[in-house]
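Please read these points with the model open beside you.

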Amino acid sequence: MAATDIERGLSTAEVEERIAAGKINRNMELKTKSVKELIIENLCTLFNLINVILAFLVILTGSFKNLTFLFVVFLNTAIGVIQSMRSKKMVDKLTLLTSKKATAVRDGAEVELDLDQIVLDDIIRLGRGDQIPADAVVVSGEALVNESLLTGESDLIKKQPGSELMSGSFIDSGLLRARVIHVGADNYVAKINNEAKYVKKVNSEIMNALNAIVRFASIIMIPLGLALFASSVSELWDAAGTPGNSALSWCFSELLAGHVPSSALLSTVGALLGMIPQGLVLLTSSVLAIATVRLARRKVLAQQLYCIETLARVDVLCLDKTGTITSGRMEVEGTYPLPVEGMGAGEGDAAVPVDTTVLDFALANVARATSADANETCQALLNYYADRPVEVSEPLSVIPFSSSKKWSGASFAQGSYVMGAAQFVLSDRAFSQVENRVAELADTCRVLVVALVDGFTPDGDMVGEAEPVGFVTIRDEIRTSAAETIGYFNEQGVTLNVISGDDPRTVSSIARVVGVPGADAYVDATTLDTPAKLDAAVDRYHVFGRVTPQQKRELVQALKRREHTVAMTGDGVNDVLALKEADCSVAMAAGSDAARNVAEIVLVDNDFASMPAVVAEGRRSINNLQRSASLFLTKTLFSMGLAALCIALPPYPFEPIQMTLINFFCIGAPGFVLGLEPNNARVKGSFLTNVLKRALPASIAVILAAALDIFVARVFGFNQLTLSTMCLLTSCAASVSLIWRISQPLTPLRVVLFVFVVAGILVGVIGFPELLSIANLSMGQMVILAVIVVITCSVFFKLATMMDSLKPRRRHAATGFGRGVRVRLGRGGGKVSSTGSTAERFAKRVVADMAQRREARTVREAEARALEGVAQAQPMKKKPTGAKRSRVTKSAQGIKVSMPSKKKK
């Protein structure tokens, strides 16, 4: 490109021409879901649909007081919507931390534009701390670029005329102008993000179990409901004197006459409501919502309720090195002086203090002398010598770091020193003498040599042959809490894999320092050039270097094919595909927008040490929910069994007011108390299996008790009130037995809870017999009741012991080179099945069609924004080129935005 074109940039006519052609930098970042999408997602569920249908049936009867069950539905939906909205608001706030402006040259003047107002071939000016807004090629100037958020490579990359710049990377030092070569969807960042735009299925055992229960209930409710309704209508038909040809024809005639069989409909709805685990769904939402609030206090944002549970079940944790184990900054690992002869005086007969090595003196003072444009290496040296007593000497001349020379230097009264890569600083003779030492140190760190020279020419070249005085090793700064956090996961039996785009030797050395098991065995992912090699490497290595974004995703997929629950941490665009694929993804707040938006958990303070707290919170939630869920599921199961029993032996024995007593004292109160207890025990087994093992014995015991009660009532001619009273008391006995069993081992809180439950039932039955429709039992009836209670409790404890003795099912997975093969080995034999799914391809096509429609809408909006930018740029031509603007720089906390101060008028 000609120099005149670089200075002039595009004209207004050329910009408008490109806008008309659609060559504009549309915003292709992954965005959070809209408010509308969040509300629909939480509102349109099978659970809500079933309850709405039942509510409609109740409305038909005109008994509006029986619509109180909708409160649970509303509360559960509200918790989901509020949590989703809170997460969206937090992530949107974090997104504002990144740069949203760029400086372009148009019509010979520099103008400030929004990123979506840049067009193809725009000349943009980029300086230290700027984020590159679009793929471009350098046309003038030089700079060092940090591409770690894109590639995972922590080393700075030199860019000069002809070099390509990738959107999303940062300028570390230098100043340049570049021509935009890609815009919108053609940018490197956009291509990565587009691959991550598929809808990720939540991998939550609790959610899957709840959905399975609701689906099962919805299927069985239809035949049971129809049969119950027919049985109730038949009773009403008999009570009416059997008019007409049949109960069905009589029911239709009543409906046509406007007479709704309210009692039959209400009794059917009441039985069906018992089959839906409303309380369990609400309890789950409440416990997980409370967990997200607790984590928020620890600066951890859970964007999805169920992700807390998933992380607690993780058995493989994949760590990104940069930003997770390391802070993203550099630090001095150590200094290694060499014996120096004849170092008494330098220029002006000044000498290096006797209590300071020549190496320390040179490093400290060269770093201070070149601090005006300090790169990461220089900043690491400044931090290292900030609290070390090294004499400060006034520089006589300074040679700043140059990417072409690969060294920096300065002259002092005590001598002239240079610091840089040994191959560029030393002569072949001098380098051959220290080559082995450099190679030894370079195994784990970046090595710089410090050498004494005779001085510098006016052009900044060294005078004389450089004589080495020592070495300094620089490495990524490891987070102080990294080793402790890694140790925690080791103790919990979690397999750790470090996956990075950096040099595998560097990654391995850092992994060894923080205690990652198997860190000595590492692999360069550039050698894993076939799916078979990559799949085999998963079983052999725990440290992967030079990994591409696509390979990170494939590694996660390979682990999941082996039936592992995989968590992935990351902060860059290069991590997005793997984050999206993992069962649970964790991102740093200071990372890229895309990483934050696809992650289920965001560490707001960018501290990996918060992870154990998330695991502990998940364990508390899961273990307590498993205990409490058995209470709720007991009611669901025995309601189904009792409904089936009462089809043959009507009527349904429980009255709605009696179910209120059971719901509060036997299910609700103990469920919520046990659900919020501290519990850090490791999660074992399947959620649904664990819950069913506790709930099935109690459900069977209640159904058996009800059957005995009905049989006794028919034999001895007990009335309906006596029958319902006996069913209530025997059900309470089975429920109290279950509460006693799940409260083991007993704690003071659990003892108080058990006493409260028993006392509450006794007070209700004895103190409020009329309210609860309790019959006054005779002595004979009480004896019969006592016998049934003993039988019920004995059956429960016997079945519970049998359930506990059952061995858990074993599952193993074998994988080939392509499609996965799942092998299940259980008590009844083995089963081999494929892990592939045709439905996934159909779902992807649907999602792609929706994305195309959104893309068309985005194009129209982007064109309007770009034209707005042209209009705004016109009056700005007269403004000086040195106008202040916001800058984005990397700080100790991650990304720092500096905004220009506005002058008061």
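1. The largest nonpolar core has 90 residues. A nonpolar core is a set of buried Ala, Val, Leu, Ile, Met, Phe, Trp, Tyr and Cys residues joined through side-chain atoms within 4.5 Å; buried means under 20% relative accessible area, exposed over 50%, and partly exposed in between, with a 1.4 Å probe and protein chains only. Leu54, Met221, Phe654, Ile662 and Ile761 have the most contacts inside this core. Beyond its neighbours within four places in sequence, Phe654 touches Phe638, Leu642, Met659, Ile662, Cys727, Leu728 and Ser731, where contact means heavy atoms within 4.5 Å. Another core, of 36 residues, lies apart from the largest one, and Ile510, Val514, Cys584 and Phe608 are among its members.

2. The model is predicted, and local features need pLDDT of at least 70, side-chain atom pairs count only at pLDDT 80 or more, and totals for chains, interfaces and linings use all residues. Residues are numbered from 1 along each chain as its sequence is written, and side-chain values use heavy atoms, with hydrogens and water left out.

3. Two packed helices are described by the angle between their axes and the distance between the axes. Helix H24 (residues 611–648) and helix H27 (residues 720–742) have axes that come within 10 Å and cross at roughly 165°. Helices (H or I, at least four residues) and strands (E, at least two) are DSSP runs, numbered from the N terminus. Axes are lines fitted to C-alpha atoms, for helices over the stretch in contact, and angles run from 0 to 180 degrees between N-to-C directions. H24 is therefore roughly antiparallel to H27 (under 35 degrees is roughly parallel, over 145 roughly antiparallel, 65 to 115 roughly perpendicular, and the rest oblique). On the H24 side the contact is made by Arg627, Ser630, Leu631 and Thr634, and on the H27 side by Leu738, Ile739 and Ile742. By class, these are four nonpolar, two polar and one charged; Ala, Val, Leu, Ile, Met, Phe, Trp, Tyr, Cys and Pro count as nonpolar, Asp, Glu, Lys and Arg as charged, and the others, Gly among them, as polar.

4. What is the angle between H14 and H15? Helix H14 (residues 358–369) and helix H15 (residues 376–384) pack at about 125°, with their axes 9 Å apart, so H14 is oblique to H15. H14 contributes Leu363, Ala367 and Arg368 to the contact, while H15 contributes Cys378, Leu381 and Leu382. This contact has five nonpolar, no polar and one charged residues.

5. Is Val300 buried or exposed? Val300 counts as buried because its relative accessibility is 2%. Val300 belongs to strand S8 (residues 300–302). The C-alpha atoms of Val300 and Ser610 are 7.2 Å apart, although 310 residues separate the two along the chain. Leaving out neighbours within four places in sequence, the contacts of Val300 are Leu295, Ile601, Val602, Leu603, Ser610 and Val614.

6. Some backbone details deserve a look. Gln744 and Pro745 are joined by a cis peptide bond, with omega about -5°; Pro745 sits in the loop between H27 and helix H28 (748–767). Asn606, a residue other than glycine, has a positive phi near 55°. Asn606 is in the loop between strand S23 (601–603) and H24, and is buried, at 10% relative accessible area.
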